[in-house]
Amino acid sequence: MGCTERSSAQGIERQSIAGEDAATASKGSDQNQPYNLSLGPVSIRAETGISTGYNDNINVAYTGRQGDFIVTPSLTLHGLWQATDANALTLDLGIGYQWYTIHTGDSSLTITPNSKTEFNIYVGDFKINLHDQFSFTQNPVLVGQLSNVNQFPVFVNVAGLRVDWDLSDIILSMGYDHTNQWVFNNAFSYLNYQEDAITPRVTVKVSSTIDAGVETSFSDMRVEQGIQNDNISMQVGPFVEAKVTEDLSVDAHAGAQLSDYATGGSNGDSSNIAGFYGNAGVNHRINDYLSEGLTAGQEYLPGITSNYTKRIYANYNLGWQATTNFSVNADLWWENLDDSAATFRQTANRYGSNLTLTYNINDHMLLALGYQYVIKFADPSSLGYSQDVVNLSYTYKF
């Protein structure tokens, strides 16, 4: 039986996430995208680009800074295969090549973190999502604990499935993901790991604009080479996601985290986690031209030299659509990093800002000028650094 619109306890009708109606809505959303190439039953849209920029501290170093000009051609593909009226396979792939003109040995392929493939299946009141998300990056600034290293080439692949059972005002969900991380730098290959996680979740439709519920996660991580420690973790806590007005939406997630680490690793760390996680976000459209967003939270990250790193963070974003073709986007962010009690540990505060000016030449061509500044204050001080990056990019959408 297919799901149709149903009345909630408050008498507000909403669209089911499963069944024929959801499949039709999803199909319409996918097919309304500007696909411009067909390969048999597969529809494809593509964009290509090239960027050039200067980074004054590619090795994120306190002393002995190295600068370089970097040229990056890229290609992004979006694919759709409508297997049946109810089932569709989608692909998003962004690949590029970063060419370091001075330190040419640092040049490498990149795969953007939002690259993924998904297959959605709708059966009665059930939605089944099969997915695989993957990325290959090398920028050490993406990992706050790193310093004094030119490249951190890491490939991450997350494959799994999620099943949502729509019971009108209640949605029961169960997910499973298997994660592999491979670091292609011999100095950090001990950070290679595998992880299995299951994620049960209960969502209650409080109203047409408010979802609330409880989310949980149970995971088992196995690391290589006996330097870091294996661990099992559990998270559980409530969440709420609400659209307060047409211009204001908020969400909040919080709960307890317990992680038990094995002993025997040579990092000298016997710390476990018995703490809390939490994050909250606000998105606000000020008017037709200005929008802003604020996120903040606390989480626990896998350590580089320790079992884990506690991270507290905040980010503020401001967007200005100055004209139909010209926009400005700015970010200000901060994070505090605190390693657990390993033989070698660090504490640090990082501050960053990003400014991007974008000009749409026409429906197909786009120019962007960006500037990024990051500064890290660390203990020990030799792990601190600052970095300036200026970048000019051109994108063509077919």
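I looked up S340 and placed it in the loop between β18 (326-339) and β19 (347-360); strands are DSSP E runs of at least two residues, numbered from the N terminus. The model is predicted, so I note that local features need pLDDT of at least 70, side-chain atom pairs count only at pLDDT 80 or more, and totals for chains, interfaces and linings use all residues. Residues are numbered from 1 along each chain as its sequence is written, and side-chain values use heavy atoms, without hydrogens and water.

S340 is buried, at 3% relative accessible area (buried is under 20%, exposed over 50%, partly exposed in between, with a 1.4 Å probe and protein chains only). Leaving out residues up to four places away in sequence, I found S340 touching D269, S271, S306, N307, Y308 and R345 (contact is heavy atoms within 4.5 Å).

Next I took Q228, in the loop between β12 (210-223) and β13 (231-245). Q228 has 8% relative accessibility, so it counts as buried. Beyond four places in sequence, its contacts include Y190, G265, N267 and S306. I then checked polar contacts (N or O pairs within 3.5 Å, one able to donate a hydrogen and the other to accept it; residues adjacent in sequence count only if both atoms are side-chain atoms). The side chains of Q228 and N267 make one at 3.1 Å. A polar side-chain atom of Q228 also lies 2.8 Å from the backbone oxygen of S306.

Last, I looked up Y176. It sits in strand β10 and is partly exposed, at 33% relative accessible area.

Methods. Helix = DSSP H or I, 4+ residues; strand = E, 2+ residues; numbered from the N terminus.
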